[in-house]
Amino acid sequence: MQDILRINEISKSYANHQALSRVSMAIPKQSIFGLLGPNGAGKTTLIRIINQIISSDAGTVTINGELLNPAHVRVIGYLPEERGLYKKMKVGEHLLYFAQLKGLGRKEAVTRIKAWFKKLDIPDWLDKKVEDLSKGMQQKVQFIGTVLHNPDLIILDEPFSGFDPINANIIKDEILELREKGSTIIFSTHRMESVEELCDHIALIDNSHKILDGPKKDIKNRFRSQTFSVIHEGDMGALDSHYQVVNTQSLEDGLLETKVQIKDETDSNRLLKHLIAQTKVVGFNEVIPSINDIFIQAVKEATHG
Amino acid sequence: MDKIFLILRREYVSRVKKKSFLLATFLTPLLFGALYALAIYLSVTDSEEEFNIKVLDQSGYVGNHIEDKGVARFEVINEPLDTAKAKVKQGEGFALLVIPPLELYQPKGIVLYTNHTPGLELEGDVDDAVELALEEAKMDKLGLNQSTLDSIKTRVKIASKSLSGESATSGSSAIAGAVGTLSGMLIYMFILIYGAQVMRAVMQEKTSKIVEILVSSVKPFQLMMGKIIGVALVGLTQFMLWIILTGAILSFAPSLLGADPATLAEAGTQVSMAGNGGNAQAMQAIDKVNEMIGQINLPLIIGSFIYFFLTGYLFYAALFAMVGSAVDSESDTQQFMLPIMLPVIASVMMLGPVIKDPSGDLAFWLSMIPFSSPIIMMIRIPFDVPMWQLALSMLLMVAGFVTTTWMAGRVYRIGILMHGAKVNYKVLFKWLMSKD
């Protein structure tokens, strides 16, 4: 898969702190790329550099192999975390303004605005003033403004904040559809469940450093710890030296759940066999770390290690 | 460049469509028109009350010379004082003017008896009438008559010509001062009103958080310039409409009132003659005014006015935009506003001294420094400024607004993205100096 965006050794410092230190990453075309990290880690700085709102102290950014330049404004659609609209403007005029700033012609823009309204099931708001819309409706308008010029690269910073679950789902579906149509989406958020659900690549930034990146599947594999969850009836008894009990907790109906980690080369089949001899096994499955766990663990390691 | 155009168009259209803009634009000329119409109405309609005044002349000087004057109508009577007083008290006539036997060259003891306190106008008219009558009495005594007097009267026209400049346009300080003050004040108003609008617009964009979306499409500098130019065009539109509408109203208002221009002109002349002047004097004054207006170098004044109007605005609007980008709320603007407003207000306060000595040191320096030159230079121009000074001032003005715009651009690009930062002069300086 080709990379649409390559970030190469980007550094940026402000007067009194380092925002990014030699951060590199590659974002594959047609992926949904999760950019994660605690508050103040440097995500917004990185996004602003990609958008040419600020410039980096060192390092390069290339889009489709070209060094970042003003023409790339047309290729990118950006929905910042801090976003607003002109309250007194009419919705139609507002979207037209955004589209024209991105270089879209008037006629083309009007056609697309109408198409998006239809798509998102929005009634005829063209002549409605922004201030008369609910917050959720305004968010929808902002989303349309971001994607109206058919950008190849869409950067969404906390796109779901302010949306109710129904509208959040509508936007989620739109994001997936945009990817199907060939766009690449960079997605910065604290909501791990949406990362889990949507992203196929992630990168984790902490304290100005990138500490983790790659396909979500690979990262999850990397964080697998050969730990299995066993649901069983009755005491498990002592296990032999290949295995270690991480913890046990009781469930309803007198069932118990024990997490067992395999310490050496043995595999899950042998563990299962061993367990069957010891107790009545009701359930058995591998514990796959959630992105949330990975996030917490990686940040913890980065801070203490 | 086309992005600046998009921004300024949005700025312009959204402002021009506002109700407050429409109201101010159309009501202000109406107000002017109404005031003007009122003035005409008052001077045309002869609704003035006339006052019948009985004159009891015991001196023998006034009775045969007194003539009606303004609102005062005189009627010479010859009755004992007490009878006359009693008659007026009963309502026969408005007042009784008693001229006691007096020394012609030291008239004293003249009294006006009334039932009600007379208005200032009536009092003035009576005064004038008595003075005129006494003067005529004196002329009689000296054996003079009006034609002798007219032949003595001499009219001389002295044109003041400046020694500098080939054009050697003659100036008249009164008109020059008025023209200079008017243009200086207009520039002052424009800078303060529309500069503050730029500041508010920038701040609103920042607080409504729309700015980050915008700067991902356009450069912060483009955004700022689009705003500044857009607001300037709004201001120019308003000024133009004021001029056009006021002009239209002033030329139509008289016919609406049912008065034709001829009577108006007459009314105007009468007004100018209302003083203690004869026809000749009035003509002289009108001549003089026309002459002075003819002497003013109108193209130069209009040209420089537009130049200083725009550059002065650009100079200050950039500073206002800078403040707007740095703060989070209107109340935070106070500490930065004062140093910006101070030179503007100080320039207006210097108006008097500069008019008194338009080519002095104070006037020279204030018309060179870009902080005050738009206002002060405009005051000086009607008094004939050497060309090199005007050119230097204009050049410095360009240097000035390029500098403030550059500074504002640097602070702006950082300021608009900073929320909740505590901003003071040190921080502003740091932003100004920080790299891209």
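Predicted model: local features only at pLDDT ≥ 70, side-chain atom pairs only at ≥ 80, totals over all residues.
Local features are reported at pLDDT of at least 70 and side-chain atom pairs only at pLDDT 80 or more, while totals for chains, interfaces and linings use all residues. Residues are numbered from 1 along each chain as its sequence is written, chains are lettered from A in the order in which they are written, and side-chain values use heavy atoms, leaving out hydrogens and water.

**Chain B**

Chain B contains 17 helices and four strands; these are DSSP runs, helices (H or I) having at least four residues and strands (E) at least two, numbered from the N terminus. Of its 436 residues, 43% count as buried, that is, under 20% relative accessible area with a 1.4 Å probe and protein chains only, whereas exposed means over 50% and partly exposed lies in between. The chain exposes about 23,300 Å², with carbon and sulfur atoms supplying 65% of that area; accessible areas come from the Shrake-Rupley method with a 1.4 Å probe, and for residues only the protein chains shown count as cover. Among contacts (heavy atoms within 4.5 Å) in chain B between residues at least 6 apart in sequence, 72% join residues at least 24 apart.

A nonpolar surface patch of about 470 Å² is formed by B:Tyr105, B:Leu142, B:Leu144, B:Leu149 and B:Ile152. Patch residues have over 30% relative accessible area and no salt bridge; nonpolar side chains (Val, Leu, Ile, Met, Phe, Trp, Tyr) are joined within 5 Å, and like charges within 9 Å. B:Ile152 lies in helix H5 (residues 146–152) of chain B, and B:Ile152 counts as exposed because its relative accessibility is 54%.

**Interface of chain A and chain B**

At the interface, 26 residues of chain A are in contact with 22 residues of chain B. The area buried between the chains is about 2,300 Å², of which carbon and sulfur atoms give 57%; buried area is the accessible area (1.4 Å probe) that two parts lose on being put together, summed over both. On the chain A side, A:Glu82, A:Tyr86 and A:Leu101 lose the most area to chain B, together 27% of what that side buries.

Three salt bridges are found across this interface, each defined as a side-chain nitrogen of Lys or Arg within 4 Å of a carboxyl oxygen of Asp or Glu. B:Lys17 forms a salt bridge with A:Glu93, and their closest N and O atoms are 3.5 Å apart.
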